[in-house]
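Welcome, and please open your viewer so that we can walk through this model together. Keep the selection tool at hand.

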Amino acid sequence: MSSSNPPSHLAIIMDGNGRWAKQKGLKRTAGHEAGAKTVREITEYCAKIGVKYLTLYAFSTENWNRPKLEVEYLMKLLEKFLKNELETLMKNNIRFKVIGDLSRFSKSLQKSIKDIEEKTLKNSGLTQVLALNYGSKDEIIRAIKKLNEKNLEINEKNFESCLDTAGFGDVDLLIRTSGEIRLSNYLLWQNAYAEMFFTQTLWPDFSVDELEDIIIEFNKRQRRFGGL
C-alpha cells in the first residue's frame, strides 16, 4: 500500500544519534556517522516509491549551542556527506536542496552546497531537502522581511512564496524518531495539517521497513483539513 500511495511531502526530525552511540559505549560522533548511512537508505527508498519531497532536519539554529568539538565534527561530516552522496543523488535522479540560513557556514561549505544543488538541478525525481542552520521562527521572520522588500500584499500565497520551502507544498507526513514528542521549531507553518508519527526508534536504527509501516498507517488516516 505504501508504495502505491506515498505522501507527497515527508518531513523527518532525525533524533537520537547521540543516545544511540551512548547505548553502545561509543562517541557521539559514531552516532552521527551511523545516522548519515540511514539518511542514504531512507532517501533511496523515498525516491523509489515516488515521494516528491523529503525534508530532513539535519542542523537547527539551536544546535550551535552543542559542544564546540561536536559542532566542528558535524560540519566536517556534512562536507563529507555532500561529497560522497553526489553519485547516489545522480543515480537515483534526486534533486538536492538546502533550506535555512547558510550565512553562518564556512565559505567552502556554502560552495559545496551550491555546487551539488546546481549539479542536481535538472534531476526530476525526489527532491532531498536538508534543513541546515534552520529554525522555523527564523524562517518566518526572514519570509516577512522578503514580503516587505518585494512590497507584496500579505496573504497566504505570497507569504508561502517567501518561505524557504516555496514550491514544496505543505508537509503531509511528519516523523520524529527517538521518542521525543515535540516539533522543536521545525516547519511550523508547513506542518499545519501534517499527520504526525512519533517512534521510539533512534535515528540510526530507523529502517525502510518501519517507514513503510508508518506510510501504511498514514494512508489509513482520514485527512479532513478542518472539514467533515
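Predicted model: local features only at pLDDT ≥ 70, side-chain atom pairs only at ≥ 80, totals over all residues.

Residues are numbered from 1 along each chain as its sequence is written, and side-chain values use heavy atoms, leaving out hydrogens and water.

**Stop 1: two helices.** Select residues 28-49, helix α2, and residues 68-91, helix α3. Helices here are DSSP runs of H or I, at least four residues, and strands are runs of E, at least two, numbered from the N terminus. The axes of α2 and α3 come within 11 Å and cross at roughly 25 degrees. The two helices are therefore roughly parallel (angles under 35 degrees).

**Stop 2: where they meet.** Now show the side chains of α2, including His32, Ala36 and Val39, which meet α3 residues, among them Tyr73, Leu77 and Phe81 (contact means heavy atoms within 4.5 Å).

**Stop 3: the second largest pocket.** Stay with this pair and select Glu33, Ala36, Lys37, Arg40, Leu77, Lys80, Phe81, Asn84 and Glu85, which line the second largest pocket. A pocket is an open set of points on a 1 Å grid where a 1.4 Å probe fits, with protein on both sides within 12 Å along at least five of seven lines; lining residues have an atom within 4 Å of a point. Helix α3 gives the most to this lining, with 5 residues.

**Stop 4: the largest pocket.** Finally, select Met14, Asn17, Tyr57, Ala58 and Phe59, the closest to the centre of the largest pocket among its 31 lining residues.

Key: Axes fitted to C-alpha atoms, helices over the stretch in contact; angles between N-to-C directions. Parallel < 35°, antiparallel > 145°, perpendicular 65-115°, else oblique.
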